[in-house]
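Where does this protein leave open space at its surface? This report takes the pockets in turn.

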Amino acid sequence: MISAFDEAGIDWIVVVPSSHLNDLYRHFQKSSRCIFATREEEAVAIASGLKVAGAFPVVVMQQSGVGNALNAVFTLSDAYKIHFPIVVIDRGLQDDNPVQRVSSRETRKVLDAINFESIDWDLGSGANLLLAAMNGLTRWIVSGPDGS
Amino acid sequence: MKRADAIESIVNALPQSAVIVSALGFISRDLFALLPESDRIFCCMGSMGSVAPFTLGLAMAGNRKIVGIEGDGSLLMNLGSLVTIKRYGTPMLTLIVVDNRCYESTGGQPSQPATLLLENIPRSIGLDTHVCGTPADIEQLLRVPMKEGPRVIIAKVEKQSPAPRVGNAAPDFAENLYGYFQKSSG
């Protein structure tokens, strides 16, 4: 995942922390380019500002944050055609937290409705997908907690 | 003071290179009426609660003074963004909250309890916070260069009828502002 981000030239990530991604956060924290937002909607708005100012940001969230993000996605990023990827880590239907299992099930329906791309970060096409999203060809990129 | 006078004083006090973001509803209508041809403004027509973080994103990647004009109701929707501004904010960022204590664009419903002073919230977070009651207050404050930042200004305004709607200009704001950053960088 980290090499895909680097290959795509991502220079900022805006995140609400998810389990499993500490290596990614640390990678961008080394250059002070990891912004921790208090809410996913806020992360989307920050990334929108970064993009308009000329940067190449990615928002990274857990699937439970998708609902929190939608108003800013629809009425700021989409409405004004501000393109950048939103990477979603889906904890999945086998998660040990029953509430997260419900979140995964219901959020998948939402993601289906607004279109997303699945990614296995280990298979090497991550950079292309991030670039496609940065250019407006897609937005939501979804993987499981293990990166696939 | 009247909201339109407050917004006009903001525009008059800022340097020509400043970028201004405005919140949905009457605030964006008033700003757009003053600067309809400008490529350095961004008028939100939705995304309530997003002006403060959007402005922060512009300030963190841009290299110039950025001013966000929030409404009190919009700020309250994403209050956590004040903490994020405290955490990452720069001297290039000024957040002005036009505080009329209500959701004026939807009929004037109160946004706050009567005992709340909105300025106490950014102050308690440790942000450099000022209260302005007149257009002259705003102009005087904005003409002072910030040494440390960011800065929050609470502009106390009364209800007032707005300028006409922004309309279909909305989709161009991002493209225009992006172009402004590109041509004026470096």
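A pocket is an open set of points, on a 1 Å grid over the protein atoms alone, where a 1.4 Å probe fits and protein lies on both sides within 12 Å along at least five of seven lines; lining residues have an atom within 4 Å of a point. Grid points are joined across faces, edges and corners, and a volume is the space filled by probe spheres set on the points.

This is a predicted model: local features need pLDDT of at least 70, side-chain atom pairs count only at pLDDT 80 or more, and totals for chains, interfaces and linings use all residues. Residues are numbered from 1 along each chain as its sequence is written, chains are lettered from A in the order in which they are written, and side-chain values use heavy atoms, without hydrogens or water.

| Largest | about 450 Å³ | 25 residues |

The largest pocket has a volume of about 450 Å³. Closest to its centre are Leu24(B), Gly25(B), Phe26(B), Ile27(B) and Ser105(B). In chain B, α2 (26-34), α4 (72-77) and β5 (102-103) each supply at least two lining residues. Helices (H or I, at least four residues) and strands (E, at least two) are DSSP runs, numbered from the N terminus. The largest share, four residues, belongs to α2(B).

Two or more lining residues come from α3 (40-52) of chain A and from α8 (172-183) of chain B. Here α8(B) gives the largest share, four residues.
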